[in-house]
Amino acid sequence: MNAAATPIRPLLSLEVEGMTCASCVGRVERGLRSIPGLHNVAVNLATETAQLQADTPEALAEGLETLARLGYPARQETITLAVSEMTCASCVGRVQKRLSRLPGVLAVDVNLASETATLRYLAGVTEPEAFLAASEALGYPARRIEGAQTDERAARKQAQAHALSRRFWLAAALTLPVFVLEMGGHLVPAFHHWVAMNLGEGTSRWLQLVLTTFVLFGPGWQFYRKGFPALLKGAPDMNSLVALGTSAAYFYSLLVTLAPGLLPEAVRAVYFEAAAVIVVLILLGRTLEARAKGRTGAAIQTLLGLRPRTAQVLHDGVAVETALDAIRVGDLVLVRPGERVAVDGVVTDGTAYVDESMITGEPLPVAKSLDARVTGGTVNSAGVGNSAGAGGGTLTFRATAVGGDTLLAQIVRMVEAAQGAKLPIQTLVDRITLWFVPAVMAAALGTVLLWLAFGPEPRLTHALVAGVSVLIIACPCAMGLATPTSIMVGTGRAAELGVLFRKGDALQRLASVQVVALDKTGTVTAGHPALTDLDLAPGWTAPEALAIFAAVEARSEHPVAAAIVHAAREAGVTLPEVTAFEAIAAYGVRAEVAGRMVLLGADRLMAREGVSLGDFAAREAEIAAQGRTALFAAVDGKIAAVIGVADPVKPTSRAAIAALRAAGCHVVMITGDKEATARAIAAEVGISEVIAGVLPEGKTTALERLSARGPVAFVGDGINDAPALARADVGIALGTGTDVAIESADVVLMSGDLQGVVNALRVSEHTLSNIRQNLFWAFGYNVALIP
């Protein structure tokens with residue numbers, strides 16, 4: 001017999017979809033049995049399951065691929081857990097490694113920022129309770145997240161931040177006297193003599209002992225509760241470093257205070273202030289980190305805030321205020337000017353302009369009439385701030401998607417998924433920590449043995465002093481401060497340049513960016529329509545024409561009208577009185593101004609009214625080719641002007657894009673606007689690659705394709721940019737944009753200027769270089785001072 005026992009593989013029970021007869025069962029069994037490494041295959045049609053044993057994960061994966069190829073896929077489920085008490089990348093690694101080993105688990109995504117773990121697993125193989133138990137066994141309590149629990153999660157993170165803040169301030173208050181008593185004499189020698197004369201060295205040390213004990217075993221207890229178990233398991237983290245270093249300093253000082261006669265007089269120094277100050281500094285870092293975590297859900301909160309709480313639902317022709325959750329598919333919903341559309345639907349009655357910038361990012365409201373689609377969260381802008389026009393601006397629509405099926409709900413899910421998919425980068429400190437603590441412990445042990453073997457008498461005393469000195473010198477104070485101090489300086493300098501880093505690790509990620517993707521509207525361009533062209537017929541002057549045209553457009557609800565009115569106000573012209581105003585749907589407007597009949601609209605309006613365009617037809621084509629909106633103006637039956645309105649390019653965009661390209665970044669424009677308009681703008685600012693006509697989901701897909709070229713930064717400003725900002729390796733939002741975009745981003749350009757992207761890249765590179773230098777010297781300091 002072979003002495004080596006064959007390992008027992010767990011029996012897996014897969015839920016197989018699509019089996020309808022015995023032939024299906026046969027095909028599934030043959031397919032699974034043909035794969036090396038799969039054993040004891042048994043397929044049951046009644047329970048729609050396939051039981052098997054797999055030698056390796058690769059064999060199981062091949063079996064799943066075979067089932068899918070045969071048309072009988074194994075049912076998979078996804079679960080998201082809220083995991084608490086994770087403090088660093090080492091915690092993330094341990095949770096991910098443990099959950100990945102559970103039977104039936106196909107993929108695990110643990111996120112430190114959102115404190116969640118998302119698992120994809122085979123239904124029927126493992127129950128969710130097993131995931132909770134596995135995480136709990138590691139010391140990280142977990143619970144299942146059912147649906148959207150953003151409010152609860154935000155409240156929990158806020159409570160954690162407040163608790164850490166209280167611990168920090170308590171520790172700081174207790175540490176301050178300790179620090180002053182021990183270090184004050186080094187700064188002011190006279191203070192040392194004052195303490196010796198009035199308190200005495202013994203009283204000073206006892207006072208430091210009492211205060212430090214409260215610091216370490218009160219606010220600092222969390223480091224020992226987590227650090228020593230991790231150390232005993234052979235997986236030390238920053239908690240372990242803090243616990244080890246502060247314990248060495250504390251217990252050595254305790255020995256000096258309680259039994260000074262056991263040590264030579266030359267080494268009877270206390271290090272209470274070192275232990276207490278380390279705890280305070282680390283607590284400060286944890287407090288700032290907790291506050292940052294508490295803001296991760298703000299973007300989703302703002303998105304959810306776009307939904308109105310109630311809507312006017314028609315019952316037998318009467319509008320009844322109805323809660324959002326009570327609206328059903330097929331209900332007729334009334335939305336008046338200024339109100340938000342409650343759910344997705346199709347217009348059945350009325351005409352209005354709807355602001356859809358939250359979806360498309362484009363500044364111009366869109367005309368809605370019979371059979372047009374409307375989206376929940378958008379705003380009926382007709383009649384807002386304008387005189388009443390034709391149609392009154394009230395819409396009636398039939399609900400086609402409600403609850404979690406609306407486009408807004410999908411955007412919320414995309415932002416959640418994109419944020420959850422980001423794993424925090426393993427920092428240099430965490431990488432060093434993996435071997436630094438064992439190395440320090442080995443060095444301390446080696447030092448003790450060397451002193452015992454070759455040191456002077458009393459050898460044991462000197463050996464213990466030397467060993468503890470190694471642990472004190474190797475305390476992670478310098479290592480722990482190397483990164484945050486650089487981040488503080490870097491982000492401070494960035495703020496002076498108009499760049500706000502919302503997340504410290506964005507400094508590191510931004511330095512490696514190879515592709516910069518830009519949204520168009522509000523990012524490259526100004527984000528609002530402006531008068532760009534006013535070509536006049538002979539005999540007309542600009543002030544005269546603007547006064548007449550703006551007087552008419554001031555009565556119109558069309559979004560282009562606002563650009564003409566704004567231009568007239570900027571020019572300081574006086575608007576004459578308008579009479580007999582008429583809005584002609586799909587054509588334009590007609591009005592009488594100071595006794596003259598004025599027409600403003602598309603070429604079809606001019607053709608309908610018999611106005612000859614002459615050379616202005618060619619000019620209108622040129623304006624349209626440049627991606628601008630063109631319309632004609634006629635007075636008393638004769639053409640007077642062709643007008644161009646567009647979203648103008650920001651003055652600094654072209655120079656900033658050129659600087660990005662000079663820095664080695666490939667620049668791409670991604671927009672929801674039309675191809676012709678997007679390419680015209682791109683050509684103007686020097687961008688060669690354009691991805692146009694995409695909605696929020698399309699932007700994230702485009703970023704995934706671009707990531708094949710290297711790390712991607714996305715720059716945007718609108719609600720529709722939130723999923724892309726969260727999905728990109730680095731999301732950069734304009735401070736002049738929406739709160740949702742800002743909260744979804746890693747970096748915010750406070751001035752709304754693209755030059756801020758260039759500044760952010762430079763700050764990132766310099767800061768990362770400084771972090772590496774700090775870590776080198778911090779590590780060198782520890783190594784050089786080990787006895």
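Start by selecting Val313 and Val333: Val313 stands opposite Val333, which belongs to strand S10. A word on what is loaded: this is a predicted model, where local features need pLDDT of at least 70 and side-chain atom pairs count only at pLDDT 80 or more, while totals for chains, interfaces and linings use all residues. Residues are numbered from 1 along each chain as its sequence is written, and side-chain values use heavy atoms, with hydrogens and water left out.

**Stop 1: the hairpin**

Strand labels here come from DSSP runs numbered from the N terminus (E, at least two residues; helices are H or I, at least four). Two strands count as paired if DSSP finds at least two bridges between them.

S8 and S9 pair in the antiparallel sense over six bridges. Pick His315 and you'll find its bridge partner in S9, Val318. The two strands form a hairpin with two residues between them, and Asp316 in the turn has a positive phi of about 55°.

**Stop 2: a three-strand sheet**

Go on to S12, residues 352-355. Three bridges join S12 to S13, and the two run antiparallel. For a landmark, select Ala352, which stands opposite Lys368 in S13. Zoom out and the open sheet has three strands in the order S13-S12-S15, with antiparallel pairing. S13 (366-368) and S15 (379-380) are the edge strands, each with a single partner, so one side of each has no neighbour in the sheet.

**Stop 3: H1 against H2**

Select 22-33 and 57-70. Helices H1 and H2 pack at an angle of about 145°, with their axes 9 Å apart. The axes are lines fitted to C-alpha atoms, over the stretch in contact for helices, and angles run from 0 to 180 degrees between N-to-C directions. The crossing is right-handed, meaning the near helix is turned clockwise from the far one by less than a right angle.

Show side chains for Arg27, Val28, Gly31 and Leu32 in H1; they meet Gly63, Thr66, Leu67 and Leu70 in H2. Contact means heavy atoms within 4.5 Å. The residues of this contact divide into four nonpolar, three polar and one charged. In that scheme Ala, Val, Leu, Ile, Met, Phe, Trp, Tyr, Cys and Pro are nonpolar, Asp, Glu, Lys and Arg are charged, and the others, Gly among them, are polar.

**Stop 4: salt bridges**

How many salt bridges are there? The count comes to 17, using a side-chain nitrogen of Lys or Arg within 4 Å of a carboxyl oxygen of Asp or Glu as the rule.

Pick Arg75 to begin. Its side chain meets that of Glu15 in a salt bridge (2.4 Å, N to O). That pair links distant parts of the chain, with Glu15 in strand S1 (residues 12-15) and Arg75 in the loop between H2 and strand S4 (76-83), 60 residues apart. Arg75 also forms a salt bridge with Glu77, where the closest N and O atoms are 2.6 Å apart. Arg75 is partly exposed at 27% relative accessibility, and Glu15 is partly exposed at 26%. (Buried is under 20% relative accessible area, exposed over 50%, partly exposed in between, with a 1.4 Å probe and protein chains only.)

Jump to Glu704 and Arg727, whose side chains meet at 3.7 Å, N to O. Glu704 is in helix H25 (residues 696-706) and Arg727 in helix H26 (residues 722-727), 23 residues apart. Then select Asp533, Asp535, Arg619, Glu622 and Arg628 together: they are linked in a network of salt bridges.

**Stop 5**

Is Ser653 buried or exposed? Ser653 is buried, with a relative accessible area of 1%. You'll find Ser653 in helix H23 (residues 653-662). Setting aside neighbours within four places in sequence, Ser653 is in contact with Thr523, Val524, Val685 and Leu754. The C-alpha atoms of Ser653 and Leu754 are separated by 5.9 Å, though the residues are 101 apart along the chain.

Finish on H24, residues 675-685. Its Thr677, Ala678, Ala680, Ile681, Ala682 and Val685 are buried. Those buried residues pack against elements including H23, helix H18 (520-524) and strand S26 (689-691). Just after H24, Gly686 takes a positive phi of about 90°.
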